[in-house]
Amino acid sequence: MFKGIYTPIVTPFDANEQIDYDYMKHNLDIWGKTDLDGIVVLGSNGEFVYLNQEEKLELVKFVKENFNPEKKIIVGTACESTKETIALSEKMAELGADAVLLLPPNYFKGGMKEDILYKYFTDVADAISIPVMIYNMPGNTGINLSSALIAKLSKHSNIVGIKDTSGNIVQISEIVRDTNDDFAVFAGNAGYLLPALTVGARGATLALANIMPEECCRLVSLFKEGKLDEARELQLKLIEINFAVTGKFGVAGLKYALDLLGYKGGQPRRPLVPVSEDTKKVIEELLRKYGALK
């Protein structure tokens, strides 16, 4: 069911830190006309940790009503308790989400042993009416979901894939090896998209695709067409700008890049702050260097 390129969309805020729905509509119209297979709402770049539940529900309802209906919508619904995760996931299912994306609970990370994590994911998958995709993001959660755990979880009929942001290509390879072909293994970063595809990943969820959706989709197309030299050239081209815009400068940097490229990034929500004037110049130079900004 899930393949290709998705992007975890930003949540644009206005000067009063309210969600700017005019900006969101503008962005959805653009993304909806690209080759993206879908989007992720309330992912890390959507600043989901800064939204209350009412805002989350309102945002997903708006996205569902205003995004290309031919493309899929995955929604981040991870909460610290199993009970709350189930409740929020079911509400998103009612709003029309195609799947949920779940980080592991991580506040009590010392107690999150594999048996506990297995039960968390399967309890949620048992209880909700739409598919679960696992989100492995050790950089933020402090928990790395092992390939053995993912292989075990993949046997659950309602757990359909994983977004792996570990950057460990060996681990991604092990997950592909140890799961069935219908389990969607997604790279979580454009910096290793091609290596992930070569070992069997079926797609990716990429922050870079907020601003360069066609380039990310083109890399997948080149790989599928066997044009590996061109795919390698494009992959190498994307590494620096991917690291700068989505890694080094974070959400605020990504939002500024969106502003430069005809989208509406809006403001980040505090405690995040807009990028400095010096950083703006660096981002502009990078976008010009790689031909995204004329």
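What volume does the largest cavity have? Hold that thought for a moment, everyone, while I say what we are looking at. This is a predicted model, where local features need pLDDT of at least 70 and side-chain atom pairs count only at pLDDT 80 or more, while totals for chains, interfaces and linings use all residues. Residues are numbered from 1 along each chain as its sequence is written, and side-chain values use heavy atoms, with hydrogens and water left out.

Now, back to the opening question. The largest cavity has a volume of about 50 Å³, and the search of the whole structure turns up one cavity of 30 Å³ or more. By cavity I mean a set of points, on a 1 Å grid over the protein atoms alone, where a 1.4 Å probe fits but cannot get out. The volume is the space filled by probe spheres set on those points, which are joined across faces, edges and corners.

Who lines the largest cavity? The lining divides into seven nonpolar, four polar and no charged residues. Here Ala, Val, Leu, Ile, Met, Phe, Trp, Tyr, Cys and Pro count as nonpolar, Asp, Glu, Lys and Arg as charged, and the others, Gly among them, as polar.

Next, the aromatic rings. The structure holds six aromatic pairs. In Tyr 120 and Phe 121, the ring centres are 5.1 Å apart and the planes stand at 70°, so this pair is edge-to-face. For the cut-offs, rings of Phe, Tyr and Trp (its six-membered ring) pair if their centres lie within 6.5 Å, with planes under 30 degrees apart called stacked, over 60 edge-to-face and the rest tilted. Tyr 120 is buried at 4% relative accessible area, and Phe 121 is buried at 0%; buried means under 20%, exposed over 50%, and partly exposed in between, with a 1.4 Å probe and protein chains only.

Elsewhere, Phe 2, Tyr 6 and Phe 186 form one aromatic cluster. Phe 2 also has Lys 72 over its face, 5.7 Å from the ring centre. Likewise, Lys 152 lies over the face of Tyr 118, at 4.3 Å. Such a charge has NZ of Lys or CZ of Arg within 6 Å of the ring centre and within 35 degrees of the ring normal.

Last stop, the cysteines. There are zero disulfides, a disulfide being two cysteine sulfur atoms within 2.5 Å. The sulfur of Cys 216 has its closest cysteine sulfur in Cys 217, 6.9 Å away and therefore too far for a bond. Cys 216 is buried at 0% relative accessibility, and Cys 217 is buried at 8%.

How values were computed:
On a 1 Å grid over the protein atoms alone, a cavity is a set of points where a 1.4 Å probe fits but cannot get out, and a pocket is an open set with protein on both sides within 12 Å along at least five of seven lines; lining residues have an atom within 4 Å of a point.
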